[in-house]
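Here are my notes on this one, point by point. Have the model open while you read.

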Amino acid sequence: MKIIECNDDHLRLLIFEKEKVIVKFIDEACEVCKQLAPSFTRFSSDHAYSDITFVRMSASENPVSSKEVRLTGTPFFAIYRKGTLRECGVVATEEEMKVLLNSLK
C-alpha cells in the first residue's frame, strides 16, 4: 500500500474514514527518521499489514496533530483505530515499529 503524505486537516478525515491508521511524524533533520524510512515503506507493502493505512507527516508543519499526540521528538508514531488514538510515542527501531503495527491487528 502507498504511504499517504498528510496534513492536519487530512488526518482528521482519514482516521475516521479508515479503520486502522499508523502515522509517522518526521523531521527532515532527524537521522533516525531517515534510517527507519525503508522499514516503514517495506511494512506498508507487506501483505500482513494490508488493512492498515500508512501515513507520514512533517512534525513541524502540522502543529495541531503534533499537539494532539503530545509529540516529544521524532520519529514519533501514533496509531489510531476507528478514529481513536490508541498508542503513541518515539520509536527508534524497526522492532518497536513492528510492535505498534502488530497491536493494530
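1. Start with α4: its buried residues are Met97, Leu100 and Leu101. Buried here means under 20% relative accessible area, exposed means over 50%, and partly exposed is in between (1.4 Å probe, protein chains only). Looking down the axis of α4, the buried residues fall within an arc of 100 degrees, so they line one face of the helix; the arc is that of the directions from the helix axis to the C-beta atoms. Glu95 and Val99 are exposed on the other side of α4.

2. Before going on, some housekeeping. This is a predicted model, in which local features need pLDDT of at least 70 and side-chain atom pairs count only at pLDDT 80 or more, while totals for chains, interfaces and linings use all residues. Residues are numbered from 1 along each chain as its sequence is written, and side-chain values use heavy atoms, with hydrogens and water left out. Helices (H or I, at least four residues) and strands (E, at least two) are DSSP runs, numbered from the N terminus.

3. What do the buried residues of α4 pack against? They pack against β2 (20-26), α2, β3 (53-58), β4 (76-81) and β5 (84-90).

4. Now the helix pair. Helix α2 (residues 31-45) and helix α4 (residues 94-103) pack at an angle of about 30 degrees, and their axes are 10 Å apart. Axes are lines fitted to C-alpha atoms, for helices over the stretch in contact, and angles run from 0 to 180 degrees between N-to-C directions. α2 and α4 are therefore roughly parallel to each other (under 35 degrees; over 145 would be roughly antiparallel, 65 to 115 roughly perpendicular and the rest oblique). On the α2 side, the contact is made by Leu36, Ser39, Phe40, Arg42 and Phe43; on the α4 side, by Glu94, Met97, Lys98 and Leu101. Contact means heavy atoms within 4.5 Å. The residues of this contact divide into five nonpolar, one polar and three charged.

5. Helix α1 (residues 8-17) is worth a look too. Its buried residues are Asp8, Leu11, Leu14 and Ile15. They cover an arc of only 115 degrees around the axis, which puts them on the same side of α1. Asp9, Leu13, Phe16 and Glu17 are exposed on the other side of α1. The buried residues of α1 pack against β1 (4-5), β2, β3, α3 and β4.

6. Is asparagine 62 buried or exposed? Asparagine 62 is buried, with a relative accessible area of 4%, and is found in the loop between β3 and α3 (63-68). Leaving aside its neighbours within four places in sequence, asparagine 62 is in contact with Cys6, Asn7, Asp8 and Met57.

7. Lysine 105 lies in the segment after α4 and, at 54% relative accessibility, counts as exposed. Beyond its neighbours within four places in sequence, lysine 105 is in contact with Lys20, Ala48, Tyr49 and Arg81.

8. Last, some backbone spots to check. Most residues other than glycine have a negative phi, and most peptide bonds are trans. Arginine 70, in the loop between α3 and β4, has a positive phi of about 55 degrees although it is not a glycine. Lysine 82, in the loop between β4 and β5, has a positive phi of about 50 degrees. The peptide bond from threonine 74 to proline 75 is cis, with omega near 0 degrees.

Technical notes
Nonpolar A, V, L, I, M, F, W, Y, C, P; charged D, E, K, R; others polar.
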